[in-house]
Amino acid sequence: MQPDTSELENFINEQAINNTLEHAANPDRANVLEILSKAREAKGLTLEETATLLQVTDPELDEELFAAARDVKNAIYGNRLVLFAPMYITNECGNSCLYCGFNVTNKDLTRRTLSPEEIRSDVIALEEQGHKRLLLVYGEHPKLKADWIAETVQTVYDTVSEKSGEIRRVNVNCAPLSVEGFRKLQEVGIGTYQCFQETYHEKTYDSVHKGGVKKNFLWRLHALHRAMEAGIEDVGMGALFGLYDYKFEILALLTHAQDLENKFGVGPHTISFPRLEPALNADMAYNPPCPIDDMTFKRIVAILRLAVPYTGLILSTRESAVLRRELLDIGVSQISAGSRTYPGAYSDPEYDRPEVQQFCISDNRSLDEVIRDIVDAGYLPSWCTACYRLGRTGEHFMDLAKRGFIQQYCLPNSLLTFQEYLEDYASESTRKAGKVCITNEVDNCPVERRSVVESRLKRIEQGERDLYL
Ligand code: SAM
Ligand code: SF4
């Protein structure tokens, strides 16, 4: 049965977005440079300014765009990079999304919903790798209710072992719930609730979602509003790039962000921009209607970084290791690593086969290999969960972030969590490279923080865990 959406407004004004893009067409160089110079102040961009950057066709301006994005990323986030893993709880799904391997019509996929015991096995496998932040992912099946989703989250938090550590932040990517349903997730302490609109273009949305509750555009469009109404302060939005015109999708994402900000005083905590990847028996995933090449994808990331400087940008292992590295430089602040997209794949080799995953993964390296690579590239991995655990979320987080707080707290906390990783989980070569990185980074902490950071790093070496500021 479809939920009642008769009262819900479509705040995505397609005509207005198209007009904005049209007015911004053929921008002159001076105007673009002026916008890039304003963007460097890290105060964000208007829809009109973003549209102008989207309409640039002069390849010479691309380098200017990337340089501005690099500067803003550096000024706000430094070289820190947050790491997480997705964990699929179920691939049972009643929807018919033409691009997804979990589509209800895919009879070749073995459906699996993890039992509490199976959840514990996967969590332990992830903990043994060193993960502290998970994104739980669920198909949308009528039998899978909010109470059950909340129980699965609780099972993850409860899976603590002396040997392998614990998961400290559980984010959730599940189908839209009612406000009452979201309250249940809020009560078990989820971090971010994530839901991608896939496409904000209603006609395209209708044509790619053939059946099931997901066919209801407005129900999904208001999912993050309902989550916030239920008290979940961190929400994550996204679009699936390849379904429709990317310029439209970016302006629509920003319109969505503005609507949340107007109504709740705070925009999204994160934005994701998955690109369509091949998926079992999903023809559309092999032939995207609006394919995005790598250069355009880079421009998308850079423009988002300038448009919403304080919003986390998330990149998954759908992208190759080489491209991922480039995207880190110009805007991405969180990445997944060592990912599997089939329930149970972390602990049971039977489910760890490429052909059964939700979509193809391009970056197949282990967490340790990814860490080693990003450290060599000059980044600092972080598993920090301090803000969420100290209630620095939503509006409060944004407010602090805008006052240079990231350098004061996030850098020290990255170092402390990285030290734990090196002590407990790293391979010998990663450990060596990581120790050098930490020693160098301590000098980049604000002077007044250095001694406390040094003493806590030592305490971690001596066996204490979970220290944060
Ligand atoms: N079932 C829930 C939903 O649809 O919102 C959540 C889980 S779904 C597996 C998570 C996301 O995977 C979707 O929102 C979609 O953007 C993405 N996805 C689906 N098929 C994909 C594909 N072939 N390539 C890349 N991403 C895909
Ligand atoms: Fe189901 Fe989500 Fe895949 Fe659609 S994208 S088929 S809702 S799992």
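User: What joins S7 to strand S8 (residues 334-336), and which way do they run?

Analyst: S7 and S8 run parallel and are joined by 2 bridges. Two strands pair if DSSP finds at least two bridges between them, so 2 bridges make this a pair. Leu-315 has Ile-335 as its bridge partner in S8. From S7 the chain gets to S8 through helix H14 (residues 321-330), and this β-α-β crossover is right-handed. Strands (E, at least two residues) and helices (H or I, at least four) are DSSP runs, numbered from the N terminus.

This is a predicted model, where local features need pLDDT of at least 70, side-chain atom pairs count only at pLDDT 80 or more, and totals for chains, interfaces and linings use all residues. Side-chain values use heavy atoms, with hydrogens and water left out, residues are numbered from 1 along each chain as its sequence is written, and chains are lettered from A and ligands numbered from 1 in the order in which they are written.

User: Why is the crossover from S5 through helix H11 (residues 246-264) to S6 given its hand?

Analyst: S5 and strand S6 (residues 270-272) pair in the parallel sense over 3 bridges, with Met-237 opposite Ile-271. The crossover through H11 is right-handed. That word applies if, with the strands pointing away from the viewer, the path from the first strand over the helix to the second runs clockwise.

User: How do you know how far strand S5 (residues 234-238) is enclosed?

Analyst: In S5, 5 of the 5 residues are buried, so the strand is largely enclosed by the rest of the structure. Asp-234, Gly-236 and Gly-238 point one way, Val-235 and Met-237 the other. Tyr-193 stands opposite Val-235.

User: What makes Asp-147 buried, partly exposed or exposed?

Analyst: Asp-147, in helix H6 (residues 146-158), has 43% relative accessibility, so it counts as partly exposed.

User: What makes the largest nonpolar core a core, and how many residues has it?

Analyst: A nonpolar core is a set of buried Ala, Val, Leu, Ile, Met, Phe, Trp, Tyr and Cys residues joined through side-chain atoms within 4.5 Å. The largest has 133 residues, and Leu-306 is among those with the most contacts inside it. Leaving aside neighbours within four places in sequence, Leu-306 is in contact (heavy atoms within 4.5 Å) with residues including Leu-36, Leu-65 and Val-72.

How values were computed. Buried < 20%, exposed > 50% of the residue type's maximum accessible area, 1.4 Å probe, protein only.
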